[in-house]
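Biologist: Hi! Could you walk me through the aromatic rings in this one?
Modeller: Happy to, let's bring it up.

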Amino acid sequence: MLNATQQLMEKFSEQLQTISNSTEQRLIDLEHRLLDQLPANSEVYFMQPDPTKNASFEVLRDWTNNHGFGGNWIVFQRRFNGSLSFYRNWTEYKQGFGELRGEHWLGLDKLHAIVSTRQHELLIVMDDFDGVIAYAHYDDFKIGDEAEKYKVKSVGRYSGTAGDSFTSHKDEVFSTYDQDNDKHTTNCANHLNGEYLRGKINQQAGIMWYRFRGSYYSLKSTKMMVRPVA
């Protein structure tokens with residue numbers, strides 16, 4: 001009887017160890033996947049946009065050279081593999097979604113808090129499925145708050161290689177599928193925040209930048225970032 005009990009306890013201990021090892025390995029694999037998603041020279045930081053307000057949050061800062069513009073950019077949108085759906089409602093776009101170390105949308109409230117403190121520049125980096133990388137830079141980017149439906153108040157001057165597909169959206173307000181505030185038949189939420197498709201398509205959908213690859217091509221990756229103007 002004693003031997004049988006001892007054998008049972010040993011078997012139970014082995015099972016617990018197996019479960020523990022399996023859980024530990026899954027956590028290690030998850031950590032590696034997250035680290036693989038995080039580009040070199042990018043780190044997550046806490047920031048407090050307005051020192052007079054007791055509000056801070058985490059952001060991903062990009063320290064790469066970014067087409068000669070240098071680093072210290074705050075990433076507010078990042079897409080690269082379609083692992084995260086951007087088909088979200090107004091509240092989700094307001095608050096943000098995703099993982100900062102992977103695909104994500106920082107949140108309109110946080111973006112407004114950042115750019116309302118002083119003048120900020122906007123840099124959008126994108127690439128297609130043929131390996132072509134392009135960028136669009138705007139030197140004075142401002143949006144309104146939720147009461148103003150996050151209206152694009154300013155974009156500033158454009159420079160870049162992707163073509164200017166954003167200046168025409170100045171004075172427009174943000175839209176989602178459950179709150180379409182656009183004057184266009186297809187709202188702007190279906191541009192860089194559209195469905196993740198791959199390359200040439202037969203409809204105006206996907207991740208689009210018209211001046212770069214037109215309305216019938218969905219891009220591979222995008223990164224939208226802001227930084228205070230020096």
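**Aromatic rings**

Modeller: Keep in mind that this is a predicted model.

Biologist: How many aromatic pairs does the structure hold?
Modeller: There are 16 aromatic pairs. One of them joins Phe69 and Tyr135 edge-to-face, with 5.5 Å centre to centre and 75° between the planes.

Biologist: Where in the chain do Phe69 and Tyr135 sit?
Modeller: In distant parts of the chain, 66 residues apart. Phe69 lies in the loop between β2 (57–62) and β3 (73–79), while Tyr135 belongs to strand β7 (residues 133–138).

Biologist: And is Tyr135 buried or exposed?
Modeller: Tyr135 is buried, with a relative accessible area of 14%.

Biologist: Okay, another pair. What about Tyr93 and Phe97?
Modeller: Those two are also edge-to-face, 5.1 Å centre to centre with 90° between the planes. Both Tyr93 and Phe97 are buried.

Biologist: Which rings are linked into a cluster?
Modeller: Ring pairs connect Phe76, Phe86, Trp90, Tyr93, Phe97, Trp105, Tyr138, Phe141, Tyr150, Tyr158, Phe166 and Phe174.

Biologist: Switching topic to charges: which charged end sits over the ring of Phe97?
Modeller: That of Arg88, 4.5 Å from the ring's centre.

Biologist: And what sits over Trp90?
Modeller: There you'll find the charged end of Lys149, 6.0 Å from the centre of the Trp90 ring.

Technical notes: Residues are numbered from 1 along each chain as its sequence is written. This is a predicted model: local features need pLDDT of at least 70, side-chain atom pairs count only at pLDDT 80 or more; totals for chains, interfaces and linings use all residues. Side-chain values use heavy atoms; hydrogens and water are left out. Rings of Phe, Tyr and Trp (its six-membered ring) pair if their centres lie within 6.5 Å; planes under 30 degrees apart count as stacked, over 60 as edge-to-face and the rest as tilted. Helices (H or I, at least four residues) and strands (E, at least two) are DSSP runs, numbered from the N terminus. Buried means under 20% relative accessible area, exposed over 50%, partly exposed in between (1.4 Å probe, protein chains only). A charge sits over a ring if NZ of Lys or CZ of Arg is within 6 Å of the ring centre and within 35 degrees of the ring normal.
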